[in-house]
Amino acid sequence: MNDESQNKMGSPTPEELRQQVERTRDELGQTVEALAGKADVKAQAKAKTVAAREQAAEKTAELKEQAAEKTAAAREQAAEKTAELKEQVAEKASAAKEQAAEKTAAVKEQAAEATAQIREKSAQAAQTVKDKTPDSVQEKAAQAAAQVREGAARAGQFAVDRTPDPLLEKADRAAKAARANRTPLLAGGAVLVAFLLIRRSRGRNK
């Protein structure tokens, strides 16, 4: 039996076998490519998922960092503003104290000058009255002043004997304050007494 008889009986020829092998190889190649494509799709999907997670994590970290920076900046600005306001308040308070001290000093100086002027004028008035007052009138004025002082001393001692201690303390403080300005008062009193005596002596002369 030769090759032709075998072909007639249905056996494949070498050419047919090669074609079958080629077809099988092509089919296997397509199958492998399809499987590889499916595997690649899953890998790509997984890679995309991982990448998305990483991006989300990076974005979250970035947002947290930005929020922390903004919070720190806001706190720093608030601290600077608070320190600035405190400094301004301290400066204003210091300026107000300085102005108040200057005004107080000016008022004290004016009061001292006014007191000195009053004392000087009182002394001048007393000296003028003394110069124009006869000796007899001055003597009477001195006697009257002595009597007034004696009567005041008696009245004071009587008041002291009958006054409670708390009132005595207050009176002592008032007396100290009065002694601080006693020169103008005494001068004014002397002028008044001398004036009254002069009028009285003139009235008698008429």
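## A negative patch

Let's start on the surface, where Glu 54, Glu 58, Glu 62, Glu 65 and Glu 69 come together as a patch of negative charge. Patch members have over 30% relative accessible area and no salt bridge, with like charges joined within 9 Å. Asp and Glu count as negative, and the place of a Glu charge is taken as its CD atom.

This is a predicted model, where local features need pLDDT of at least 70 and side-chain atom pairs count only at pLDDT 80 or more, while totals for chains, interfaces and linings use all residues. Residues are numbered from 1 along each chain as its sequence is written, and side-chain values use heavy atoms, leaving out hydrogens and water.

## A look at Glu 62

Glu 62 sits in helix α2, which covers residues 14-132 (helices are DSSP runs of H or I, at least four residues, numbered from the N terminus). Its relative accessible area is 37%, so Glu 62 is partly exposed, a label for values between buried (under 20%) and exposed (over 50%), using a 1.4 Å probe and protein chains only.

## Two salt bridges

The whole structure has two salt bridges, each a side-chain nitrogen of Lys or Arg within 4 Å of a carboxyl oxygen of Asp or Glu. One joins Arg 18 to Glu 15, at 2.1 Å from N to O. These two are three residues apart in helix α2, so about one helical turn separates Arg 18 from Glu 15. Arg 18 is partly exposed at 47%, and Glu 15 is partly exposed at 39%.

Arg 25 pairs with Glu 22, their closest N and O atoms lying 3.6 Å apart. Again in helix α2, Arg 25 and Glu 22 are three residues apart, about one helical turn. Glu 22 is partly exposed, with 40% relative accessibility.

Notes:
Patches are made of residues with over 30% relative accessible area and no salt bridge: like charges are joined within 9 Å, nonpolar side chains (Val, Leu, Ile, Met, Phe, Trp, Tyr) within 5 Å. Accessible areas come from the Shrake-Rupley method with a 1.4 Å probe; for residues, only the protein chains shown count as cover.
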